[in-house]
Amino acid sequence: MSPGKVLQPAVKMKVDELFLCWLSQPATQLTLKDCLRRIKNKEKTEFGNADSRSSKNESFTSKNSNSKQCLLGDTRLPLMSFSPPLQLSTTLPLATPASSRNITNLRATRRSSGTKEVQTKKEETLPPSHSQNIPTFYFPRGCPKEKVNIDAVIAKIEKTFSEFPNERATLEDMGKVAKACECPLYWKGPLFYCAGGERTGYVSVHKFVAMWRKVLQTCYDDAAKFVHLLMNPGCNYLMQEDFIPFLQDVVNSHPGLSFLKEASEFHSRYITTVIQRIFYTVNRSWSGKITCNELRKSNFLQNVALLEEEADINQLTEYFSYEHFYVIYCKFWELDTDHDLYIDRKDLARHNDYAISNRMIERIFSGAVTRGRKAQKDGKISYADFVWFLISEEDKKTPTSIEYWFRCMDLDGDGALSMYELEYFYEEQCQKLDNMAIEPLPFEDCLCQMLDLVKPQHEGKITLHDLKRCKLTNVFFDTFFNIEKYLDHEQKDQFSMLRDGEGENQEVSDWEKYAAEEYDILVAEEAANDQWNDGYEAELNPVDHQKASVLKYQMEKRPFFEMPSHLADVDVDEYDYDEDFE
């Protein structure tokens, strides 16, 4: 035994020992037999009389003095502590096992009471709780940093406002105010609108100071401040329409988009494209609501800051690139034959020369990945939906694109791709190969290849987590619904593709490669088919000339583009992927 350890008596064992000792005494046996005889004869047995009980104890003790050795000191154990109440004594069952059951209950009661007593002693020895000393670890509006001198910031802002007439700042003046607030330049639009500038056309110093003081007191990082500036009152998240004023200011004031001033009809199309790309990358929960946490984990605010430093908007390829918008819109325009900014199943099937299988197109229109109940009811998808489709189709390695195609292939919505679901999509691929006079690989052999490629953790199903671990998810998806890319992959060695995927520059995504190639093709086609040789175009450089000519060719006095409904209005299949949305 270790020194200092206190011995604890085994109360339960001692009680059992004394009980058995008492039960084995001749006096106890006589008492039990006498009680049973009285019960059989229906005689009343008065166990509640204290005098009678004490006299019986004395008589039993005198009959057998040895029983005294089994008692603890001079304390005497009661003979019939298990006796029932008086009113029930005449209705006890006649069978003998009733007494044994009572004895068992008594034994269990004594054991439990002894156990509870020991547990109570242990609880008393526990150290006091220190939960009040746990530091705060959840900061939804950012972790408070060192104490910010708010008065110094406000004084700097007031000094900046003093330079404006009547201490009122217009939207054009808000660049200086944004710098005084220590914010990126293109926060000027959100700052202006949050202070109420859209109603009067200007912001007074008192109104702006009151607004910014509240922001500094409640928001502690850039993500929380940006959400606060753009969100609607009473919300703590951003919807799609919340980005429109901010992006409209970028279109109006960024030097890289100055050529769009002459094509105001395309402002909303560009803004729609950028908004969809923002939600495609940032809104990892697919909820249609960008929270502070999602914005904090993304690189969107870093790209907003780069708008000030980068004069060429096309260098910001993740969200703001005009060339990427140009490629997406031209691809959509080719499919939208009636030019109503909606396409149906037949229109989408013509994409990339009917490369996408009909079964996959049906899944895209089923509502698994599209937004807007009205469009689903009419059997069409909007331009905003097409943005998601095209980016997912051309780059199947990003988390969002993997989730996009996984939702489409998961027919029963159970969160896993079964072998039946894989065979369902592969059947149409085999039919297309037969029509092309190419012998298809049997499904069993194809399945073995795909399982070796993905290496699922659980036999018989492929989960979203399995696909996100795989480095060749594009090969997996193309095998089941894109015949052209499937044949391209078949011409290559799998190991060489894996080496290329590991060795290529990760800074250039598959989507960026595709957009750059398609833009060059579109520029070449436009240069060859130039039909607008007026004096205005002759003054433009080749790139601007191409952009302006395409804009004129496509506009034809079409109606202003209407913003699509946001993601929150959609009933999308929900999956429980905790590890994937962190």
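The following paragraphs describe the overall make-up of a predicted model and then the packing around one of its helices, α15.

Local features in this predicted model need pLDDT of at least 70, side-chain atom pairs count only at pLDDT 80 or more, and totals for chains, interfaces and linings use all residues. Residues are numbered from 1 along each chain as its sequence is written, and side-chain values use heavy atoms, with hydrogens and water left out.

The protein has 29 helices and eight strands, which are DSSP runs numbered from the N terminus (helices H or I, at least four residues; strands E, at least two). Of its 582 residues, 44% count as buried, meaning under 20% relative accessible area with a 1.4 Å probe, protein chains only.

Helix α15 (residues 322–335) packs with helix α19 (residues 383–394) at an angle of about 115°, their axes 10 Å apart; axes are lines fitted to C-alpha atoms over the stretch in contact, and angles run from 0 to 180 degrees between N-to-C directions. The two helices are therefore roughly perpendicular, a term that covers 65 to 115 degrees. In their contact (heavy atoms within 4.5 Å), Phe325, Ile328, Tyr329, Lys331, Phe332 and Leu335 of α15 meet Tyr383, Phe386, Val387 and Leu390 of α19.

Helix α12 (residues 267–282) also packs with α15, the axes coming within 10 Å and crossing at roughly 100°, which makes α12 roughly perpendicular to α15. Here Arg269, Tyr270, Thr273 and Arg277 of α12 make the contact with Tyr322, His324, Phe325, Ile328 and Tyr329 of α15.

Methods. Angles under 35 degrees count as roughly parallel, over 145 as roughly antiparallel, 65 to 115 as roughly perpendicular and the rest as oblique. Buried means under 20% relative accessible area, exposed over 50%, partly exposed in between (1.4 Å probe, protein chains only).
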